[in-house]
Amino acid sequence: MSSDNEAREPLEPRVGPVPEADPQFRPYHHPAAGWGAARSVTRFLVEERALVDGPRAIMRMNHENGGFDCPGCAWPDDTKGLHLDICENGIKHVTWEMTRKRVGREFFAAHSVTELSGWNDYDLENQGRLTEPMAYDPASDHYVPISWKDAFEVVGATLRGLDSPHRAAFYTSGRLGNEATFLYQLMARELGTNNLPDCSNMCHEASGRALQASLGTGKGTVDLKDWESADALFILGVNAASNAPRMLTALAEADRRGAQIVHVNPLVEAAATRTIVPHDFTDMALFRTTRTSTLNLQPRIGGDMALLRGMAKAVLEHSSSDPKALDVAFIDRHTTGFEEYRALCEATPWEELERQSGLSRADILKAAQVYGEADRSIVSWCLGLTQHEHGVDTVREIVNLLLLRGNLGREGAGPSPVRGHSNVQGNRTCGIDHRPTDAFLDRLAEACKIDPPREHGLDTVRTIRAMRDGEVTVFVAMGGNFALAAPDTPATYAALRSCDLTVQVSTKLNRSHVVHGRAALILPCIGRTEKDHQRKGVQSTSVEDSMSMVHMSVGMKRPASPHLLSEPAIVAGMARAALPDSETPWDWYIEDYDRIRDTMAEALDGFEDFNRRVRLPLGFRIKQPARELVFLTPSGRAEFSAAALPDVVPGAGTLALGTMRSHDQWNTTIYSDNDRYRGIKNLRTLVFMNRADMRERGIPDMGPVDITSTAKDGSERYLNGYTAVPYDIPRGCAAGYMPEMNVLCALGDYSTQSDQPIMKHVKVTIVPAAA
């Protein structure tokens, strides 16, 4: 690596494409999805030259028999056999993967890493699919071809040469299938480490820890049928139109049957107004819209916990005159800690609840009334609740509220976290966990005949710190774009560059390939849309959706290159080289993935009879003890939490900033500089602000601003020359796009409850840009 490596990328890397016109902002007042989505998809298919392959893929996506699972979000497949269970972002993501563009040895021979480091991230990914394994050559500063055998030997020799297995870390993106996931964690644990950081560490770690503490399970308890029968749906911290667009169908159907739908978000997103579901051809033809909300509440950033406690306080107060307001029998039979929680709610003054939530008492009571009048309620949430210091306490407050009226263990009720990655929940189920339980390790040891390590490993934040400090020297990433997804961009870049070896298993070129260690490998894999040919024929993989359904996915297309390997095959190749004395039958597993699943059935709770059950229509649902009112907590009951209410009111002159993704974006992949649902065109370097906050600071509409974040340790980070966009957001709050704004979240600014980076609650000051 050259000595000027640190200066290759600017502090504020440009992610999106170069705008073709001046930035524009026009508030969006149209329904979500509908003809806007249809036009956007058509335009995207034309630009990607996929007018034949795109529609063909659409007809195979999310189908129970012989179809492939959308590699986007983890929303469950429709239970009624819908033939077009698709969304705009899913189609874009699949088409982006199926591009005809290729990145082979000729491309890398023509462009040095130093040159590529100066490209924006849109242009890197837009070059197309990777076609063969490549190794970084420091003498020429180019990636050069390497055989699979030699690439695996590089990995194996480096891992064998470590003085401790804990000097390696194995990162997982949320799109890795279950079979590859199981082999990956098996390789790491046979090697001797639990250093298995994953994207959950940055998104829903708080959800898992909170649900485990309250209910004895790290997952939600509801399924899609529950959504179809709930009387009230509460959607918190979710931009469903972009993050889980297929949820729009459930919201529209809920409104039609008369259910109440409450959206809670600092920004009123398009999914919280009305929609035209694209596969409802009558509505499309008649331009007929359906409401997707009956109440919208806009708390301040971080104010959700105060809102939830206010709702609970209102329910408890109402119970003094109406005993039916509480499910006393459920509370007595199935919970513990109720009296302490009741006392806490009673002792919390309404004035403090209003101040911390940023909502009036009247608004809180509206939400409480909806909850109190519903027989069956579901509370759903996403990163708007979890990426905070108090994310665990907030999710536990959701459970508190549900327990008050017995909204657990019965149809149409319960907690329902929304996962944004296609298989992030399956990754955790199948062993990607830096804090594995003894029960899991005992069963893995018995099934796989290994002696797994027992000490906890490193999560994402601690892995970055360990790489930076030279304690971890090998970093392997199965998918994703770690360099851009992680917090504190300069610190993450420095950490990756401190490694002796970085390995990226990928489908397309991205920033993590040009921010690398002293030695680096790019190992290209087939995508989920492509056929996986092995010795015993075309293989299928399985995934788990956000509601614990496990189902098959079978690719339909010829792989982008004959030199690609599947993700399980790549894991097995690395494992053979790193563990030459291993008794694990790596090659035998890859011949037929049913063999992997048979071992998984022995090793994983809930996967018994895996191969048969996963081939059932829609697959099978992993058992959820809490759904059956079996609570694997220390008390054997559902446990109320009595956490103190945090102070989330920004200090004088500061704002609370939350990062988010635009509509025309999938995680770190940017399709354009537009954000249709927020009325933005040709602009990503922006910050949404309340107009009164802008006037107070002398910032004109669409004026240039400088943003400074202050970390817990007092250090500062900067983004300069951003555009301030006036928006309907509470005073004291601001929002902007990730990954550009990840630079503002310091590596040390992570939750002490969940260890997640607090990307939704960054303390900033915003001033007019310096001349």
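Strand β14 (residues 377-381) runs parallel to β15, and four bridges join the two. Strands (E, at least two residues) and helices (H or I, at least four) are DSSP runs, numbered from the N terminus. Pairing requires at least two DSSP bridges between two strands. Trp 381 has Pro 417 of β15 as its bridge partner. The model is predicted: local features need pLDDT of at least 70, and side-chain atom pairs count only at pLDDT 80 or more. Residues are numbered from 1 along each chain as its sequence is written, and side-chain values use heavy atoms, without hydrogens or water.

Both strands belong to an open sheet of five strands, ordered β12-β9-β8-β14-β15, with parallel pairing. β12 (295-297) and β15 (414-417) are the edge strands; each has a single partner, so one side of each lacks a neighbour in the sheet. Neighbouring strands are turned by 15° against each other on average, direction ignored. Angles run from 0 to 180 degrees between N-to-C directions, and axes are lines fitted to C-alpha atoms, for helices over the stretch in contact.

Two helices lie across β14 and β15. Helix α9 (residues 205-215) runs at about 160° to β15. Helix α20 runs at about 175° to β14.

Helix α20 (residues 391-404) also meets helix α14 (residues 304-319): their axes come within 9 Å and cross at roughly 20°. The two helices are therefore roughly parallel (angles under 35 degrees). Contact (heavy atoms within 4.5 Å) involves residues including Leu 308, Arg 309 and Val 315 of α14, and Glu 397, Ile 398 and Leu 401 of α20.

Key:
Parallel < 35°, antiparallel > 145°, perpendicular 65-115°, else oblique.
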